[in-house]
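Subject: Structure handover, with notes

Dear colleague,

Please find below the structure that I am passing on to you. My notes follow it, and they are meant for someone who has not looked at it before.

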Amino acid sequence: MSTRVAIIVFPGSNCEQDVHHALGLVGVRAEYVWHHATDLGGFDAVVLPGGFSYGDYLRTGAIAAFSPVMSAVRHFARDGGLVMGICNGFQILCEAGLLPGALRWNAGLKFICRPVSVRVESEGSPFTCLAPVGRVLEIPINHFQGNYYCSPRLLDELEEQDRIAFRYCSPDGTVGPEWNPNGSVGGIAGVMSGGRNVLGMMPHPERAVDPAVGGRDGRLILESMLAALGRSTGGPSLRAG
């Protein structure tokens, strides 16, 4: 049986088709799930794509966090299911309490849309298991509120628990403020939940799956998720604790 991934679609989502195409390229059966759904049974993973859910009124992701489907996403994640939130999806996961911290306006108050370098920080997580720590990936960003913030104490916890998935960096892997496009604390580009089965990231891996439109580095993240689900070896689905 092929791996099934749910792509959650909110009013204002605009990257769901990109995600669907990218997942198809790595051999995944992806299906759109509308925001009013209340059951995610039968799916192996869930992706919340980018866009402008509910027009980004109030705060980015704030209204989408109360959509009926988010209750199902919470249950899915609580049971160990893999959940990935990309850009607006990351914002929604933070607003819904599935990930710590918050996304603020970019430093400099400018919308940013360009490729950036990010460094893999987490050892063997479900979303980085095919990439060694220190591997540099080039993936596009496309956001105005991608400035990740958390308290110093929480930042220490994320470090200690190996929950920082990616950091912005130079093409050779150097981390520093000059390589941080939006002012994120610690240069963070992606974080994971306590069980490391929920990932939020601002860069768009689905936009880096074909050399004709910007390279293949995003595939490594999608293929890591696929490998964690046991698809590559025919083994059982992973359920992170």
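In what follows, a residue is called buried when its relative accessible area is under 20%, exposed when it is over 50%, and partly exposed in between, with a 1.4 Å probe and only protein chains considered. Helices (H or I, at least four residues) and strands (E, at least two) are DSSP runs that are numbered from the N terminus. Please keep in mind that this is a predicted model, in which local features need pLDDT of at least 70 and side-chain atom pairs count only at pLDDT 80 or more, while totals for chains, interfaces and linings use all residues. Residues are numbered from 1 along each chain as its sequence is written, and side-chain values use heavy atoms, with hydrogens and water left out.

I begin with the strands. Six of the eight residues of strand S7 (residues 136–143) are buried, so this strand is largely enclosed by the rest of the structure. Two strands are said to pair if DSSP finds at least two bridges between them, and strand S6 (residues 112–120) is joined to S7 by eight bridges, the two running antiparallel. Within this pairing, Val 116 has Ile 139 of S7 as its bridge partner.

S6 also pairs with S9, again in the antiparallel sense, over four bridges, and here the bridge partner of Val 120 is Phe 166 in S9. For strand S9 (residues 164–169), six of the six residues are buried, so S9 too is largely enclosed by the rest of the structure. S9 is in turn joined to S10 by three bridges, with the two strands antiparallel, and Ile 164 stands opposite Val 191 in S10.

Turning to the whole protein chain, its secondary structure comes to five helices and 11 strands. The radius of gyration, 16 Å, is close to the 18 Å that the globule rule gives for 241 residues, so the chain is as compact as a globular protein of that length; the radius is taken over C-alpha atoms, and the rule is 2.2 Å times the number of residues to the power 0.38. The C-alpha trace spans about 45 × 40 × 40 Å along its principal axes, and 57% of the 241 residues count as buried. Taking contact to mean heavy atoms within 4.5 Å, residues 24 or more positions apart account for 76% of the contacts with a separation of 6 or more.

Most residues other than glycine have a negative phi. Asp 56, which is not a glycine, has a positive phi of about 60 degrees, and its place is in the loop between strand S3 (45–48) and helix H2 (68–78). Arg 196 likewise has a positive phi, near 60 degrees; this residue is found in the loop between strand S10 (188–192) and strand S11 (198–201), and at 18% relative accessibility Arg 196 counts as buried.

Arg 104, by contrast with that buried arginine, is partly exposed, with a relative accessible area of 41%, and lies in strand S5 (residues 102–104). Not counting residues up to four places away in sequence, Arg 104 touches Phe 144, Gln 145, Gly 146, Asn 147 and Tyr 149.

With best wishes
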